[in-house]
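User: I would like a close look at a single part of this model, with the criteria behind each term stated.

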Amino acid sequence: WLVPSAMQAKKVIAVELDSRWAAELHKRFSVGTTANNIQIINNDVLKIDLPFFDVCVANLPYQISAPITNKLLMHRPQFRSAVLMYQREFAMRLCAKPGDELYCRLSTNTALLADVQHLIKVGKNNFKPPPKVESSVVRITPRSSPPPINFIEWDGLVRLCFGRKNKTLGAIFRQKDVIDILRNNYNTHSAMQDVPEGAGGKKKRGGAKQVDAMEEEAKGR
């Protein structure tokens with residue numbers, strides 16, 4: 001697909017980890033009309049700073065599906081769209097909507113930052129040799145105005161929400177270990193922002209009061 005892409009695009013950047021394949025690509029595109037606008041990067045895509053691009057097309061190693069998706073969603077400046085092939089189950093989780101059986105932390109985080117569309121199913125018989133799993137092609141389109149939040153903090157919250165199966169959010173946030181996490185996070189935030197915690201007669205802020213109220217409710221159960 002490199003040649004058709006190079007004939008239409010201003011520049012094509014291919015990232016290949018295997019040095020043998022990278023050498024073969026260099027050999028194939030060392031001469032010809034498309035050579036000038038194809039750049040081959042022999043490196044791990046997860047370890048490099050990606051250059052500017054507006055469209056991404058990839059047949060991914062399925063074991064890096066989650067980290068490469070997160071890397072793309074965090075990439076700045078934003079790209080226009082990405083068309084990626086995933087293992088079928090991962091793709092279905094990526095596209096799942098609230099209320100779907102497969103809706104999960106991955107679905108929530110992705111929907112926060114991008115629109116995801118399932119394009120086609122790819123049967124295992126389309127590969128030689130056939131793999132043991134089915135595949136799907138998905139289009140990811142980043143939102144033009146992502147919410148102004150700290151994504152690491154958001155992901156920590158979502159991890160708590162989805163980390164305990166068959167429990168309501170109310171039950172999750174009344175558990176002692178969760179309350180301890182919230183208290184520690186609030187105390188860290190208070191120290192960084194120089195917010196009084198309530199000790200020594202100082203005024204306690206609303207966040208700490210809410211954590212205390214949750215703790216008291218948990219003790220009463």
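This is a predicted model: local features need pLDDT of at least 70, side-chain atom pairs count only at pLDDT 80 or more; totals for chains, interfaces and linings use all residues.

Analyst: Residues are numbered from 1 along each chain as its sequence is written, and side-chain values use heavy atoms, with hydrogens and water left out.

Ser135 lies in strand β6, residues 135-142; helices (H or I, at least four residues) and strands (E, at least two) are DSSP runs, numbered from the N terminus. Ser135 counts as buried because its relative accessibility is 0%, where buried means under 20% relative accessible area, exposed over 50% and partly exposed in between, with a 1.4 Å probe and protein chains only. Its side chain makes a polar contact of 2.4 Å with the side chain of Tyr62. Such a contact is a pair of N or O atoms within 3.5 Å; within protein, one must be able to donate a hydrogen and the other to accept it, and residues adjacent in sequence count only if both atoms are side-chain atoms. Apart from neighbours within four places in sequence, the residues in contact with Ser135 (heavy atoms within 4.5 Å) include Tyr62, Met85, Tyr86, Gln87 and Phe127.

Strand β6 belongs to an open sheet of 4 strands in the order β3-β4-β6-β5, with mixed pairing; two strands pair if DSSP finds at least two bridges between them. The strands β3 (55-59) and β5 (114-122) stand at the edges with a single partner strand each, so one side of each is left without a neighbour in the sheet. On average, neighbouring strands of this sheet are turned by 20 degrees against each other, direction ignored. Axes are lines fitted to C-alpha atoms, for helices over the stretch in contact, and angles run from 0 to 180 degrees between N-to-C directions. Helix α3 (residues 65-74) packs on the sheet and touches β3, β4, β5 and β6; the direction of α3 makes about 170 degrees with that of β4.

Strand β4 (residues 81-87) pairs with β6 in the antiparallel sense over 6 bridges, and Val83 stands opposite Arg139 in β6. Ala82 is also placed in β4 and is buried, with a relative accessible area of 0%. Leaving aside neighbours within four places in sequence, Ala82 is in contact with Cys56, Val138, Arg139 and Ile140. Cys56 counts as buried at 17% relative accessibility.
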